[in-house]
Amino acid sequence: MMLDRTLAQVGRNLSDAMRILGDGQRDPEAGEERWRLGRTSIPGPLQGDGQDVAAILHLVHNLIHDEDEGEDKPSQHRMQNVGEQGHMALLGHSLAAYISVLDRERLRKLTTRILSDTTLWLCRLFRYENGSAYFHEDDRDGLVKVCRLVINARYEEYASEGYAVLSSKQPIIYQSASGRPGLGQHLCSQLGLPLSSLCTVPCNTVFGSQHQMDVALLDTLIKEDIEAGKLPLLLIVNAGTPGAGHTDKLARLKDVCDQYSMWLHVEGVNLATLALAQVTSAIMAATRSDSMTLTPGQWLGLPAVTAVTLYRHEDPALSLAAGLTCSQPVARLRALPLWLSLQYLGHNGIVQKIRHATALSQQLLQKLKAMTSIKTSDVLQTEMSFAEALTMVEDELSSPVVLFKFSQETSAASSGGSVEGYCEGEREVQDAFNRWLGEQLVQLVPSSGVDVVELEDEGTCVRFSPLLTAAVLGTQQENVEELAEKLTQLLPVMCSTMGLRQDFREEIHRHSPSLTYIQDLSWPGLGAVRYEPQTEGMDESRRKQQLEKINAELLKKLQDLDADIVFSTGPEFGTEEHCVFVGMVTEDVDVSELVETVAALGRDIEESGRLLENMTEVVRRGILEAEQQLQLANEEKLMEEGMLRQLPLVGSVLNWFSPFQSSIKGRTFNLAAGSLDSTEGTYSTKAQTGRPSLQETPTSSKKLPGQRLFRRSGAGSESFSETSSVGQAEEPTGRGGSTPSGSVHPPAEETAHTAGDEESRESSLQVHTPVEEEVTSEERQPEGQEAEPSGT
């Protein structure tokens with residue numbers, strides 16, 4: 001009864017803990033000081049009186065879920081979907097700690113039952129007959145123990161002589177070039193072997209998949225090592241490579257290992273399909289291997305569940321010496337979470353989860369086959385035989401890993417753009433576009449679990465591996481449908497952008513030397529452009545400062561336009577500076593109008609800046625001239641009115657009896673010309689003459705109501721897809737209100753002069769007012785009053 005109450009209490013504590021961690025509600029009784037200390041990342045002092053369980057769990061919740069306050073935007077984390085089977089795995093960890101305090105005999109019986117049950121279930125589930133199991137936290141640790149087992153078996157005196165016996169015949173471990181990165185180096189480090197004991201076998205270069213080990217070349221390497229006095233020890237093959245998910249020719253490789261008495265070890269995500277009723281011959285050959293490593297925690301969505309290495313060996317003493325079996329009962333409790341989870345799911349539940357993941361892969365693969373601009377794993381080669389082609393098709397259709405990429409070859413011609421001469425850097429550009437595609441899909445459909453991978457032959461690709469993500473993220477068929485839909489929306493934008501890149505480059509060259517095309521192959525967009533100001537006579541530092549200032553202002557003006565194109569500063573860690581990067585565009589974009597607008601705005605900014613630089617000198621000379629004019633006006637006024645009218649009392653009397661009409665007129669300061677003009681025309685016509693109205697500014701094109709900028713007149717506004725305005729993943733950009741078309745599309749020459757005149761008029765309205773009022777106020781002074789000096 002005591003055991004039952006304790007187990008029930010463990011279950012209740014786990015439920016309470018999961019509820020608190022899930023709710024995240026703050027305990028009202030918790031002190032403000034403790035809450036504040038819990039939110040800081042700086043370690044605080046240990047509480048003297050201790051804290052209750054609820055307060056500690058709230059602290060754990062804060063550390064898990066609270067985000068840094070200094071971040072500009074919340075980071076998107078893929079949180080694991082912990083279902084009921086996940087709770088059973090967590091309960092297994094709690095029970096393992098409790099079971100470890102039992103008496104030794106009862107603990108031995110219980111752990112033996114747990115270990116034997118789990119081993120039997122896994123061997124039957126994955127068709128591995130007469131196998132033993134080793135449970136380990138690090139998924140590489142099982143292979144390390146297997147290598148030690150093989151060394152003990154092949155070197156009879158290894159147990160007594162140690163590594164000295166290896167000098168007679170150096171052991172060689174073979175692995176595929178497409179295997180896990182760093183796996184071979186980890187083995188040599190853990191086993192104390194030199195790196196020369198590791199042999200990396202290249203993949204096929206002529207026949208078959210480019211991710212499969214070359215069997216003929218492996219046989220040649222083994223013969224060379226034997227002739228050199230070395231001992232072929234172990235071969236590591238893949239049933240689903242980490243990058244592309246391809247499976248090696250396991251049947252042929254097993255025959256090679258039998259021929260040279262080598263140990264065959266298999267690993268990979270495709271081993272999960274052994275639990276299904278229908279298994280391909282390529283994967284079924286893995287059951288003949290000497291050992292295999294499984295990761296059921298990832299496949300079934302079980303948190304903190306160990307990996308399992310199944311192996312076959314008849315000598316238990318060697319297994320004990322290699323560390324594959326342990327005499328300590330507590331170490332066997334690592335299988336307890338998996339033991340509970342397998343019982344909770346049952347055979348049907350496990351098979352259903354794996355079948356669901358493979359069905360998601362097939363669903364997406366069928367969707368991708370219908371997309372002309374998408375290229376799936378390139379496994380078919382024209383030189384391979386018919387039998388090999390059938391094997392590759394079977395491997396592609398059965399693999400739960402779907403690899404796809406945007407293909408420029410099938411999409412460039414449909415966009416209408418020029419692709420001649422665009423062979424230079426085509427691979428880098430496609431990689432940049434596929435990297436952008438993967439990042440957009442991750443943001444738009446986070447529950448799909450897609451990621452971006454870099455492969456040596458295919459370049460940058462997007463990978464969908466539901467066996468590793470579906471159980472964790474809860475991916476369903478509707479998520480795959482959404483993924484295909486978003487992909488369909490993004491492809492037209494990518495196709496049109498890829499086709500218009502060369503047109504954009506040629507248009508910029510036509511506006512040389514004012515515009516310069518920036519070659520950045522890592523930018524997923526239309527391209528980059530830099531405005532080059534006229535810097536004759538400037539030193540290098542001044543020229544760079546002017547270049548940075550103009551292009552920064554140009555970027556700001558382009559971002560304020562009412563357009564569906566993203567303008568940014570480029571990649572976060574890019575090498576190009578002081579230029580404008582243009583993002584993805586649709587096929588109805590008028591590239592010539594876009595480049596013309598960039599050039600016009602750049603000239604406008606350059607001339608405005610030059611005007612502001614000269615304004616100080618112009619204003620200073622204008623003020624000096626205004627003072628001289630005012631001095632002359634005062635002297636003329638004195639000569640016209642006479643001395644008597646300047647006397648305060650006498651002047652007022654004379655002005656009352658005989659009013660005097662002065663002939664002196666006001667002056668206005670023209671900031672653009674830097675001169676003083678008469679105000680006679682202004683007061684006679686009640687308006688400033690000789691200046692065009694703002695509404696008379698010529699425009700390059702007339703836009704229809706509701707039509708966006710940079711759109712060809714033949715293309716309707718409805719043709720623009722909502723996803724074409726998706727910003728770059730590195731730097732999303734917001735836009736302000738719309739801008740009148742007259743100020744957006746001016747001709748090249750008229751725009752600069754018009755903009756300069758408008759600013760001149762605004763400045764002249766502000767500068768001439770004090771001068772005019774001072775002059776005219778003297779005209780309105782009563783006769784006999786003395787005019788103040790012009791310097792006051």
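Here is a chat about the cores, salt bridges, pocket and backbone of a predicted model.

Visitor: Hi! What should I know about the model before we start?
Guide: It is a predicted model, where local features need pLDDT of at least 70, side-chain atom pairs count only at pLDDT 80 or more, and totals for chains, interfaces and linings use all residues. Residues are numbered from 1 along each chain as its sequence is written, and side-chain values use heavy atoms, with hydrogens and water left out.

Visitor: Thanks. Which residues touch the most other members in the largest nonpolar core?
Guide: Those are Tyr-174, Leu-218, Leu-235, Val-266, Leu-271 and Met-292, in a core of 67 residues. Helix H14 (residues 336-369) gives the largest share of this core, 10 residues. By nonpolar core I mean a set of buried Ala, Val, Leu, Ile, Met, Phe, Trp, Tyr and Cys residues joined through side-chain atoms within 4.5 Å. Buried is under 20% relative accessible area, exposed is over 50%, and partly exposed is in between (1.4 Å probe, protein chains only). Helices (H or I, at least four residues) and strands (E, at least two) are DSSP runs, numbered from the N terminus.

Visitor: And is there a second core, or what else includes Leu-360?
Guide: Leu-360 belongs to a second, separate core of 30 residues, which also includes Phe-406, Met-494 and Met-498.

Visitor: Back to Val-266. What is in contact with it?
Guide: Beyond its neighbours within four places in sequence, Val-266 contacts Val-237, Ala-239, Leu-250, Leu-271, Ala-286, Ser-289, Ser-291, Met-292 and Thr-293. Contact here means heavy atoms within 4.5 Å.

Visitor: Switching to charges: how many salt bridges are there in the whole structure?
Guide: The search finds 19. The criterion is a side-chain nitrogen of Lys or Arg within 4 Å of a carboxyl oxygen of Asp or Glu.

Visitor: What can you tell me about Lys-367 and Glu-481?
Guide: Their side chains form a salt bridge, at 3.2 Å from N to O. Lys-367 is in helix H14 and Glu-481 in helix H18 (residues 477-510), so this pair ties together parts that are 114 residues apart in sequence. Lys-367 is partly exposed at 32% relative accessibility, and Glu-481 is partly exposed at 36%.

Visitor: Where do Arg-427 and Asp-431 lie?
Guide: Both are in helix H16 (residues 426-444), 4 residues apart, about one turn of the helix. Arg-427 is partly exposed at 38% relative accessibility, whereas Asp-431 is buried at 12%.

Visitor: What about Arg-140, which residue does it form a salt bridge with?
Guide: Asp-138, with the closest N and O atoms 3.3 Å apart. Arg-140 is partly exposed, with a relative accessible area of 28%, and Asp-138 is partly exposed too, with 32%.

Visitor: Which residues are linked in a network of salt bridges?
Guide: Asp-139, Arg-180 and Glu-267 are linked that way.

Visitor: New topic: how much space lies in the second largest pocket?
Guide: About 650 Å³. Of its 32 lining residues, the closest to the centre are Asp-139, Val-269, Thr-295, Gln-298 and Leu-468. On a 1 Å grid over the protein atoms alone, a pocket is an open set of points where a 1.4 Å probe fits, with protein on both sides within 12 Å along at least five of seven lines; lining residues have an atom within 4 Å of a point. Grid points are joined across faces, edges and corners, and the volume is the space filled by probe spheres set on the points.

Visitor: Which elements give two or more residues to that lining?
Guide: Helix H12 (296-300) and helix H17 (466-473) do. H12 gives the largest share, 4 residues.

Visitor: Last one, the backbone. Where is the cis peptide bond?
Guide: A cis peptide bond joins Ser-512 and Pro-513, with omega about 5 degrees. Pro-513 is in the loop between H18 and strand E12 (515-518).

Visitor: And what is phi of Arg-127?
Guide: Phi of Arg-127 is near 60 degrees, a positive value in a residue other than glycine. Arg-127 sits in the loop between helix H5 (104-125) and strand E1 (132-136). Ala-304 has a positive phi as well, near 55 degrees, and lies in the loop between H12 and strand E7 (307-311).
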